[in-house]
Amino acid sequence: MFTEQQLKAMIHRETISKQYPYSEQDDDVLLNYIKPLLAELSRAKIRYTLEANHFGSGYASYIQLICYTDEFVTITEHNDEREEERHGLFVLISRLAPVAAIVNDAMEFVRFNEDGKKTGAGKTMVDFPALHIDEKYKKLANDITRLLMKYHFTLLQMPDVDKPLPFDEHIHTLSRPKGQYLVWDAIFYWED
C-alpha cells in the first residue's frame, strides 16, 4: 500500500499526502477537520475518549480515539467513588497520511469521586495491529468505518501493516525494538 519512500517519510514525521487537511501540514487543521466526524459519532450514540495531545509527552504520529457504546460500560460504586470500565475499539487516525485503523478490544477505566470529579484513569495501549474485530464489536466497527470513509480516510487492513518493515531504519517507538519493526510501526508510533 505504501512505497518505501512514503514509509521513510512518515518515520521522519513528514506528511505524504496532498489531500486536505494533510496538505496544510498543521495538526490544528487536522483536529478541526475531524470535529464534525466526532460530532457524528456522538449523534450516533458512540461515546469516545480523544487523545490528540501526543499522550502528554513526546510525539505520536496518530490521534487516538477509544470508541464504545453504553452496552460496553460497567459501572461499580465503592465508598462514595464510582468507576466506569469501558470496552470498545481503538481508532487511530494518522497525522501523516489520510489513513486510519480500527483496532480490536480497547479498555479504559475512569474513577470519579462523590462530586463527579475524575480522580483516576487508565487504559490499554496499542502495540500490535489487532485489526480483526470481535463479533460483539462488529456493529460499532461498521458504524465507525462508515464515518471514517465519509471523511475520506482509507482504512488499513492486516495485510497492509502486519508484515516486517522492508528496509533497515530506526523508528522511535516504544512498541518494538530495532530489527523487529512492522510496517505498522512506520505509520503508528509514539516517541516518549
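In this predicted model, the charged end of R13 sits over the ring of Y59, at 4.0 Å from its centre, a charge being taken to sit over a ring if NZ of Lys or CZ of Arg is within 6 Å of the ring centre and within 35 degrees of the ring normal. R176 likewise lies over the face of F128, 4.5 Å from the ring centre. Local features need pLDDT of at least 70 and side-chain atom pairs count only at pLDDT 80 or more, whereas totals for chains, interfaces and linings use all residues. Residues are numbered from 1 along each chain as its sequence is written, and side-chain values use heavy atoms, with hydrogens and water left out.

Rings of Phe, Tyr and Trp (its six-membered ring) were paired if their centres lie within 6.5 Å, with planes under 30 degrees apart counted as stacked, over 60 as edge-to-face and the rest as tilted; by this rule there are nine aromatic pairs. One of them joins Y20 and Y33 in an edge-to-face arrangement, with 6.0 Å centre to centre and 80° between the planes. Because Y20 lies in the loop between α1 (4-11) and α2 (27-43) and Y33 in helix α2, the pair ties together parts that are 13 residues apart in sequence (helices, H or I of at least four residues, and strands, E of at least two, are DSSP runs numbered from the N terminus). Y20 is partly exposed at 46% relative accessibility, while Y33, at 17%, is buried (buried means under 20% relative accessible area, exposed over 50% and partly exposed in between, with a 1.4 Å probe and protein chains only).

W184 and F188 form a tilted pair, 4.7 Å centre to centre with 50° between the planes, and both residues are buried. Together with F55, Y62 and W190, W184 and F188 form one aromatic cluster.
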